[in-house]
Amino acid sequence: MTDISDPLVHDENDIEVSERKSYAAGVPAVLVSLRHGFEQMGPVRTARTLTKLNQQHGFDCPGCAWPETPGHRKLAEFCENGAKAVAEEATTRTVDPGFFARHSVPELLARTDYWLGRQGRLTHPMIIRPGSLHYEPIDWDDAYAVIAEHLRALPDPNEAIFYTSGRTSNEAAFLYQLMIRAFGTNNMPDCSNMCHESSGTALSETIGIGKGSVSVTDLEHADLILIAGQNPGTNHPRMLSVLEKAKARGAKVIAINPLPEAGLLRFKDPQKARGVLGEGVAIADEFLQIRLGGDQALFQGLAKLLLAVEDRAPGTVLDRDFLDRHCAGFEQWATHIRAVDLDTVSTATGLSRSQLEDTAAALVASRATIICWAMGLTQHPHAVATIEDAVALLLMRGMIGTRGAGVCPVRGHSNVQGDRTMGIWEKAPESFLQALDTEFGIRCPRQHGYDAVDAIRAMRDGRASVFMAMGGNFLSATPDTEVTATALRSCALTVQVSTKLNRSHLAHGATGIILPTLGRTDKDIRGGRKQMVSVEDSMSVVHLSRGGLTPASSHLRSEVAIVCELAQHLFGSGHRVPWARFADDYDCIRDAISRVIPGFEDFNTRVRRPDGFVLPHPPRDERRFTTDTGKATFVVNDLHWLPVPEGRLILQTLRSHDQYNTTVYGLGDRYRGIKAGRRVLFIHPDDIEASGYAPGDRVDLVSEWTRPDGTVEERRAEDFRLVLYSTPMGNVAAYYPETNPLVPLDHVALKSNTPASKAVTVRLVPRRAPGKRPDGPGIELDPKSA
């Protein structure tokens with residue numbers, strides 16, 4: 001048991017603001033990594049874990065999904081935030097039943113997310129019963145019995161919701177979706193719904209598969225790399241090493257982002273002399289400081305300029321052979337693009353005509369172009385259209401399925417892509433469902449289920465009463481925090497499969513259960529031998545992950561075991577799926593996967609290769625496009641952008657450098673010059689002057705969202721310090737989950753239903769009297785328990 005002291009409410013008066021960093025990584029990254037490791041694990045355990053991280057016979061990083069270079073792994077194949085993620089999971093601190101006896105749920109609600117995460121690993125199954133203020137221990141079988149009883153009592157299986165975090169292994173994800181479908185529903189929201197759902201939707205429509213088409217080697221051999229709406233220095237730091245190699249080969253990098261992020265300016269590789277003693281490597285040759293929501297206008301404007309070059313010099317831009325043989329809809333798209341007004345593009349993007357023309361010239365000169373992107377593109381109302389227009393820039397030049405060129409959506413959480421491959425999808429195709437039916441002798445439901453946003457709506461409206469999460473922190477990851485918290489509390493039962501304490505445990509149903517599970521770093525012994533799981537990285541490479549640490553408690557069970565044991569309680573003995581065999585032998589799971597999912601043939605043999613194996617990708621491998629037209633498709637999209645209303649600002653939510661997704665490692669952001677606080681608002685000097693406030697003032701943020709019927713909804717998040725920063729006028733930025741309460745549940749991307757967290761209209765208002773703000777991300781105490 002560990003109880004790390006921390007004040008109930010962090011004092012944001014202690015915040016310090018300094019100049020932002022002009023480079024990423026370097027010696028400070030090494031020192032920070034070691035400090036986190038020593039604090040959480042001690043020196044011996046730190047050395048033991050970090051030397052196994054992302055190694056061929058070690059375990060996959062529980063952080064991001066960036067791949068390793070095949071055959072060229074470094075001795076230290078991890079980044080600062082990967083080391084922090086491991087330290088958080090492999091910590092020696094523990095949260096046992098005594099902790100919950102001392103701390104009621106109302107008390108824990110008043111603690112910071114940072115404090116909750118630092119308490120340590122969960123050690124026992126816990127339950128909070130109706131009317132109680134405390135979690136108490138429960139036996140595993142009794143916990144399964146409670147869950148099974150609630151599920152069997154539902155009038156309709158569709159009244160249950162099953163969430164999945166991106167960190168779940170392929171084996172656990174496959175069994176989880178199998179159990180859910182055998183139960184009778186496709187309600188499978190997952191973290192993809194909040195991040196790259198827009199990418200998958202756009203790529204499926206344009207090239208026929210919702211995954212990126214490039215490899216690490218492609219990036220190293222590209223002539224031009226566009227990085228849009230992405231901050232690799234914080235979110236995918238190992239990508240910087242690949243960009244450094246690309247630069248050494250002569251590649252040009254253009255960064256497209258509202259904020260000048262350190263990792264896109266200069267990279268100091270701490271494993272090289274020039275990264276320790278020298279200046280490092282400049283990454284971005286050009287920085288286009290684009291306005292929020294202006295990326296679609298940029299891509300359409302660039303396409304117009306490229307078509308103009310082709311018109312002046314036929315055959316110099318378009319790949320006519322590729323267009324004729326492999327594409328559909330080009331002429332209609334080109335007609336639309338030629339009508340785009342470049343003055344509107346400049347207004348929408350905030351970029352000058354010369355910047356647009358220089359970028360277009362770089363595209364014309366490149367023989368191999370890759371476009372990379374992340375949440376800065378996917379979390380807008382017009383996100384799908386934006387990505388489709390980015391893909392069109394590549395298609396017009398034939399840059400799919402050729403070396404050094406293609407699309408590169410940089411996924412966030414480790415194995416988020418693998419979970420979708422394994423069938424964690426509320427809209428799985430008929431071919432997949434039929435394969436499950438044939439393999440297991442069951443009948444999968446065909447009705448589409450709920451994604452994350454629709455799941456919250458269903459709980460809110462009383463159409464769902466059981467919620468189960470396989471990992472993650474659903475409450476802090478989703479939009480409209482008050483609505484989500486109320487929706488979860490309205491459930492009869494909530495179940496959280498978790499490694500550590502988080503805020504989702506505190507917005508529980510009438511009955512709430514916590515099931516503690518093994519992490520990536522933990523040794524998993526089942527059936528008398530050590531088990532291995534597999535993951536899929538952001539570039540479709542599947543490889544093994546082998547934990548080696550003694551688990552924090554003998555009461556922990558793997559996600560695979562939890563699913564299998566729950567299924568046995570739910571379905572009883574004699575079920576067609578061999579749950580007991582799967583629980584004790586993960587090779588049996590992989591054998592089943594090999595018969596169900598194309599590309600996984602001979603799974604057990606191929607995954608044991610040193611670098612695993614690469615899944616098939618028809619556009620990349622064969623220039624074959626499995627779209628509705630049978631060809632790569634140009635989609636005609638009206639141009640949308642985000643004008644800033646008078647007296648208002650457009651807010652984007654983002655991570656600090658000291659967090660990963662909803663896990664907060666520390667109260668600062670070294671790269672942006674923030675120390676000892678998180679409730680800050682980055683704002684342009686002219687905007688702060690126009691607002692009548694001064695740097696350092698503390699204000700509340702009120703978001704405004706106009707519903708289809710014309711009514712305006714307002715939401716409030718309190719106590720943010722104004723920090724001058726280089727950001728486009730009219731655009732501001734602040735950290736999530738603190739700003740998630742400002743994102744309306746219904747403010748989503750068209751087609752993908754992804755929350756539009758990068759496009760929130762806000763105004764600054766005087767701060768409420770101190771002491772009124774709850775310390776969590778906008779979550780008031782449950783009136784029943786306060």
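Student: Is threonine 369 buried or exposed?
Tutor: This is a predicted model, in which local features need pLDDT of at least 70, side-chain atom pairs count only at pLDDT 80 or more, and totals for chains, interfaces and linings use all residues. Residues are numbered from 1 along each chain as its sequence is written, and side-chain values use heavy atoms, leaving out hydrogens and water. The relative accessible area of threonine 369 is 1%. Buried means under 20%, exposed over 50% and partly exposed in between (1.4 Å probe, protein chains only), so threonine 369 is buried.

Student: What distance separates the C-alpha atoms of threonine 369 and valine 407?
Tutor: Threonine 369 belongs to strand S14, residues 369-373 (strands, E, of at least two residues and helices, H or I, of at least four are DSSP runs numbered from the N terminus). Valine 407 is 38 residues away along the chain, and the separation of the two C-alpha atoms is 8.8 Å.

Student: Which residue forms a salt bridge with arginine 526?
Tutor: The N to O distance in this bridge is 3.3 Å. The pair links distant parts of the chain, 58 residues apart: arginine 526 in strand S19 (residues 525-526) and its partner in helix H28 (residues 579-584). The partner is aspartate 584.

Student: How many residues apart in sequence are arginine 763 and glutamate 704?
Tutor: These two residues form a salt bridge, with 2.5 Å between the closest N and O atoms. Glutamate 704 has a relative accessible area of 18% and is therefore buried. Arginine 763 lies in strand S34 and glutamate 704 in strand S31 (residues 698-706), so the bridge ties together parts whose separation in sequence is 59 residues.

Student: What is the phi of serine 540, and what is its relative accessibility?
Tutor: Serine 540 is in the loop between strand S21 (533-536) and strand S22 (541-545). Its phi is positive in a residue other than glycine, near 70°. Serine 540 counts as buried because its relative accessibility is 1%.

Student: Where is alanine 676, which also has a positive phi?
Tutor: The phi of alanine 676 is about 70°, although the residue is not a glycine. Alanine 676 counts as partly exposed because its relative accessibility is 21%. Its place is in the loop between strand S29 (674-675) and strand S30 (680-683).

Student: Which residue is joined to proline 737 by a cis peptide bond?
Tutor: Proline 737 is in the loop between strand S33 (731-735) and strand S34 (760-766). The omega of the cis bond is about 10°, and the residue joined to proline 737 is tyrosine 736.

Terms used. A salt bridge is a side-chain nitrogen of Lys or Arg within 4 Å of a carboxyl oxygen of Asp or Glu.
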